Amino acid sequence: MTRGFIGISVLFSLFSCVALIGQSSKRALDVQGHQWWQHAVFYEIYPRSFADSNNDGIGDLNGIASKLDYLKDLGVDAIWLTPFFPSPQVDFGYDVSDYQAIDPMYGSLADFDTLAAAAKKHGIRLILDFVVNHTSDQHKWFVDSKSSRTSQHRNWYIWRDGKGPGQPPNNWTSTFGGSTWKFDPATNQYYYHYFYPEQPDLNWRNPAVKQAMFGVTRWWYKRGVSGFRLDAVDTMFEDPNLKDNPVRPGKSVYGDPLQEHKYNTKQPEIHQALRGLRKVTDEYNGVLIGETWTADINELNEYYGKGNNELQLPMDFLFTNVNKLSPAEFRKQIAAINSASGWPTFVISNHDIVRSYDRYGDGQHNDDIAKLMAALYLTLRGTPILYYGEEIGMKTTPPARKEDVKDPKGRTGWPTDKGRDGERTPMQWDQSDNAGFTKAKPWLPVPPTAKTHNVADEQRDPASILSFYKQLLKLRHTNKELLDGSYLPVNQNDENVLSYLRVFEDQAVLVALNMSGTAQKINYELKRNGFASAKPLATTGNSSSSGDFVSLGPYAVFIGQLVR
Ligand code: GLC
Ligand code: CA
């Protein structure tokens with residue numbers, strides 16, 4: 001049994017501090033000064049894999065529209081759609097050849113408008129993915145850029161002479177393998193690509209590029225979208241002198257010498273561009289979410305901008321770096337993000353990383369652990385972004401054979417890096433063939449776990465992962481402490497159980513998460529701190545409370561209202 005101590009003085013100084021914040025922000029949207037995106041629950045959809053309405057094996061916009069009831073019922077307020085724009089699909093849509101249209105495989109602009117209208121009716125906002133760093137090599141800007149050294153769009157991309165015959169301008173290596181420079185024999189220069197060669201980097205130093213890209217967001221805002229998830233913002237600018245990156249010992253999975261991306265990521269000029277995008281966003285009361293792979297909270301703070309004038313929601317991937325169920329590690333990361341200069345954003349899975357279900361799962365208690373992780377990031381102070389399928393316990397299912405790999409980097413990196421197909425498999429709707437995703441052959445195989453983890457079955461089972469997600473999201477939307485309260489860690493020395501309070505005015509909710517495989521009984525010394533007990537709001541694994549104590553089964557969750 002572990003003994004706990006909340007520390008009444010800490011608790012009460014916190015109460016008064018929260019009350020003060022409340023008073024000083026009357027002008028803002030709610031008493032606490034929170035904006036819509038601070039209370040919203042976001043849900044990432046990979047359109048290819050969500051729902052296929054016309055049975056060609058690829059998900060589409062009408063498919064998404066058909067699932068809005070499901071999303072509403074789940075408790076989603078905004079959906080982020082990864083790219084559905086015209087694209088040669090080298091990087092499955094992250095190679096955009098037209099920012100202001102829909103790829104026919106996903107539908108049409110009319111379908112988009114129908115989806116937007118239906119989403120609005122459901123009270124669900126749409127967030128688009130904006131690939132700011134690069135276009136497809138098939139984009140008309142690049143086609144023109146490549147056509148001659150004097151073309152109108154030449155300077156929209158980054159062209160340089162080689163160092164010498166057959167030698168690229170510098171040593172930079174692409175994150176997907178090989179040099180970042182591709183030689184174009186027709187104009188005898190190299191162009192720069194941080195990602196695949198089919199994804200040439202835009203030259204954001206060119207004011208024409210900036211204006212064109214700002215214009216793209218304006219066009220979509222006018223069509224009713226509520227914001228953008230900005231792709232790969234770290235990579236928007238490069239050192240103008242193209243200095244060589246420092247080389248580190250060792251090789252990447254693609255066989256390149258390792259290097260620190262010192263001169264081609266996180267350049268200071270990014271911030272000016274972000275401020276420009278934010279200005280447009282503010283005209284439409286929108287939100288900018290950032291794909292921000294920061295090394296620490298200082299770097300994350302830079303993305304909020306001075307005076308919070310850049311990204312409202314830079315994703316905190318430091319949180320996803322905690323790859324084991326370690327209360328100490330999570331405490332550290334949560335404390336760090338709570339000290340940040342802006343509002344926290346939590347993700348535990350996305351289309352680029354191994355799903356949380358197997359990242360944290362021990363192979364035996366995965367379903368319990370999935371609920372534990374849900375209880376963690378859905379009860380923290382901040383905005384959560386769910387990844388489709390996470391709410392039913394979808395598992396990463398990488399291809400078994402190299403010849404089945406769809407993500408190009410999974411072929412170059414095989415077998416160490418099998419690519420990202422495993423976390424992009426079709427949504428598991430029911431037990432039928434192809435999991436109700438399509439009636440045709442799906443573009444990626446449906447994992448065998450569709451038989452045990454699918455929406456239809458989990459909707460019927462009150463003990464399912466899905467039912468727990470719904471319960472948590474409902475709580476999040478109605479409980480003031482979870483919505484607006486501050487985060488106060490308690491029992492900070494416990495090695496097994498992560499405990500914290502969410503405190504709003506004079507009310508508090510206790511969250512206790514057993515990250516161990518053994519039962520735990522914790523004394524929170526509630527009476528000494530002025531509370532009689534903790535009344536359960538949401539629990540898993542037969543957890544219970546009695547007076548000062550909370551008992552938790554292996555990997556169990558207890559969320560309770562402290563009552564006087
Ligand atoms: C981001 C996307 C990823 C894509 C890359 C290049 O990291 O999330 O899927 O491959 O950018 O656009
Ligand atoms: Ca389709």
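Two strands count as paired if DSSP finds at least two bridges between them. The model described here is predicted.

Thr539 stands opposite Phe558, a residue of β22. Across β22 from another strand, Ala512 also has Phe558 as its bridge partner. A further position in β22, Gln561, has Val509 opposite. Strand β17 (residues 507-514) pairs with strand β22 (residues 557-563) in the antiparallel sense, over 5 bridges. The pairing of β19 with β22 is antiparallel too and rests on 6 bridges.

These pairings belong to an open sheet of 5 strands, ordered β15-β16-β17-β22-β19, with antiparallel pairing. The edge positions are taken by β15 (486-490) and β19 (533-539); each has a single partner strand, so one side of each is left without a neighbour in the sheet. On average, neighbouring strands of this sheet are turned by 30° against each other, direction ignored. In a regular strand, side chains alternate between the two faces of the sheet.

Strand β22 is largely enclosed by the rest of the structure, because 6 of its 7 residues are buried. Helix α10 (residues 327-338) lies across β15 and β16 (497-504) and runs at about 30° to β16.

In soluble globular proteins, nonpolar side chains tend to be buried together. The largest nonpolar core in this model has 133 residues, of which Phe42, Tyr43, Ile79 and Leu376 touch the most other members. Helix α12 (residues 366-379) supplies the largest share of this core, 9 residues. A second, separate core holds 18 residues, including Val497, Leu501, Leu526 and Val550.

Ile289 is located in strand β11 (residues 287-290). Is Ile289 buried or exposed? Its relative accessible area is 0%, under the 20% cut-off, so Ile289 counts as buried.

Neighbours within four places in sequence aside, the contacts of Ile289 are Phe42, Ile127, Phe228, Arg229, Leu230, Leu313, Met315 and Ile385. One of these, Phe42, is also among the residues that touch the most other members of the largest nonpolar core. The C-alpha atoms of Ile289 and Asp231 are 8.9 Å apart in space, while the two residues are 58 apart in sequence.

## Salt bridges

How many salt bridges does the structure hold? The number is 23.

| Pair | N to O distance |
|---|---|
| Arg205 and Glu269 | 3.2 Å |
| Arg401 and Glu403 | 3.8 Å |
| Arg528 and Glu525 | 3.3 Å |

Arg205 and Glu269 meet through their side chains. Arg205 lies in the loop between β7 (189-192) and α7 (207-222), and Glu269 in the loop between β10 (257-259) and α8 (270-283), so the pair ties together parts that are 64 residues apart in sequence. Arg205 is partly exposed, with a relative accessible area of 36%, and Glu269 is partly exposed at 26%.

In the pair formed by Arg401 and Glu403, the arginine is partly exposed, with a relative accessible area of 45%. Glu403 has a relative accessibility of 59% and counts as exposed.

The side chains of Arg528 and Glu525 also form a salt bridge. Here Arg528 is exposed, at 56% relative accessible area, whereas Glu525 is buried, at 7%. Elsewhere, salt bridges that share partners connect Asp91, Asp352, Asp407, Arg420 and Arg424 in one network.

## The calcium site

Which residues coordinate the calcium ion (ligand 2)? The donors are Asp52 (OD), Asn54 (OD1), Asp56 (OD), Ile58 (O) and Asp60 (OD), at 2.2 to 2.3 Å. Along the sequence, the donor residues of this ion follow the spacing D-x1-N-x1-D-x1-I-x1-D.

Asp56 is partly exposed, with a relative accessible area of 36%. Ile58, which coordinates through its O atom, is buried, with a relative accessible area of 14%.

Key. Residues are numbered from 1 along each chain as its sequence is written. Chains are lettered from A and ligands numbered from 1 in the order in which they are written. This is a predicted model: local features need pLDDT of at least 70, side-chain atom pairs count only at pLDDT 80 or more; totals for chains, interfaces and linings use all residues. Side-chain values use heavy atoms; hydrogens and water are left out. Helices (H or I, at least four residues) and strands (E, at least two) are DSSP runs, numbered from the N terminus. Buried means under 20% relative accessible area, exposed over 50%, partly exposed in between (1.4 Å probe, protein chains only). Contact means heavy atoms within 4.5 Å. A salt bridge is a side-chain nitrogen of Lys or Arg within 4 Å of a carboxyl oxygen of Asp or Glu. Donors are N, O and S atoms within 2.8 Å of the metal (3.2 Å for Na, K and Ca); water is not among the atoms, so sites may look incomplete. Axes are lines fitted to C-alpha atoms, for helices over the stretch in contact, and angles run from 0 to 180 degrees between N-to-C directions. A nonpolar core is a set of buried Ala, Val, Leu, Ile, Met, Phe, Trp, Tyr and Cys residues joined through side-chain atoms within 4.5 Å.
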